[in-house]
Amino acid sequence: FDGSKFRLGRIGWAAGGGAVEVDLGLTGYKEYLGTNRLPEHARRRLERDGAADFGDHTAHLSNALGCEAVLVTSDQQVVMLRRSGAVATHSGLYNGPSGHPEPSEAPAAEAWYRAGDEAGAAGAAAAAR
């Protein structure tokens, strides 16, 4: 499976500090497994290269954006789900209801990203610096 995912680029305060800005890009599940889920020594190498190449240690990582909720029932119990044994990461572990937002369900966001992508990788690399 290689579904498209949003990539978390940056979270920070907007100018003036009155709002939070979230910069998103696109990535895929395979990129996530091939970067963020590497053995620690290999992931650290990617982080060093990202810092050297772009001044951003996350530049070469997928950083797929995930969402998780804490669901509390009316009797004050917390709902936990056990992950399938058939998933690529964290199989058998427990977590709250979670998932990934799907870019295909936000066509305006995907169209905006693709328009920027068509402007050329050199422009994106310059903007990342």
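Arg44 and Glu40 are separated by about one helical turn because they stand four residues apart in helix α2 (residues 40–54). The model is predicted, with local features requiring pLDDT of at least 70 and side-chain atom pairs counted only at pLDDT 80 or more, whereas totals for chains, interfaces and linings use all residues. Residues are numbered from 1 along each chain as its sequence is written, and side-chain values use heavy atoms, with hydrogens and water left out.

Side chains of opposite charge can pair when their charged atoms come close. Arg44 and Glu40 form a salt bridge in which the closest N and O atoms are 3.2 Å apart; the term denotes a side-chain nitrogen of Lys or Arg within 4 Å of a carboxyl oxygen of Asp or Glu. Both partners are partly exposed, Arg44 with a relative accessible area of 37% and Glu40 with 47%. In this classification, buried means under 20% relative accessible area, exposed means over 50%, and partly exposed lies in between (1.4 Å probe, protein chains only).

Arg44 also pairs with Glu47, and in this salt bridge the closest N and O atoms are 3.0 Å apart. Glu47 and Arg44 are three residues apart in helix α2 and therefore separated by about one helical turn. Glu47 is buried, with a relative accessible area of 15%, whereas Arg44 is partly exposed. A further salt bridge joins Glu47 to Arg43, with 3.6 Å between the closest N and O atoms. These two residues lie four residues apart in helix α2, about one turn of the helix, and both are buried.

The secondary structure of the chain comprises four helices and six strands. Helices (H or I, at least four residues) and strands (E, at least two) are DSSP runs, numbered from the N terminus. From the N terminus on, the elements follow the order β-β-α-α-β-β-β-β-α-α. The chain has 129 residues, of which 22% count as buried.

A nonpolar surface patch of about 520 Å² is made by Ile11, Trp13, Val20, Val22 and Leu24. The elements giving two or more residues to this patch are β1 (4–13) and β2 (20–28). Strand β2 provides the largest share, three residues, and Val20 lies in this strand. Patches consist of residues with over 30% relative accessible area and no salt bridge, like charges being joined within 9 Å and nonpolar side chains (Val, Leu, Ile, Met, Phe, Trp, Tyr) within 5 Å. Accessible areas come from the Shrake-Rupley method with a 1.4 Å probe.

The second largest pocket has a volume of about 530 Å³. Its lining is made of 21 residues, of which Arg83, Thr89, His90, Ser98 and His100 lie nearest the centre of the pocket. At least two lining residues are supplied by each of α1 (29–35), β3 (67–68), β5 (94–95) and β6 (98–99). The lining divides into 10 nonpolar, eight polar and three charged residues. Here Ala, Val, Leu, Ile, Met, Phe, Trp, Tyr, Cys and Pro count as nonpolar, Asp, Glu, Lys and Arg as charged, and the others, Gly among them, as polar. A pocket is an open set of points on a 1 Å grid over the protein atoms alone, where a 1.4 Å probe fits, with protein on both sides within 12 Å along at least five of seven lines; lining residues have an atom within 4 Å of a point. The volume is the space filled by probe spheres set on the points, which are joined across faces, edges and corners.

Several features fall in loops. Met80 lies in the loop between β3 and β4 (81–82) and is partly exposed, with a relative accessible area of 46%. Met80 and Pro97 are 17 residues apart in sequence, and their C-alpha atoms are 6.9 Å apart in space.

Most residues other than glycine have a negative phi. Asn63, although not a glycine, has a positive phi of about 50 degrees. This residue lies in the loop between α2 and β3 and, at a relative accessible area of 18%, is buried. Gln76, likewise not a glycine, has a positive phi of about 65 degrees. Gln76 belongs to the loop between β3 and β4 and is exposed, with a relative accessible area of 62%.
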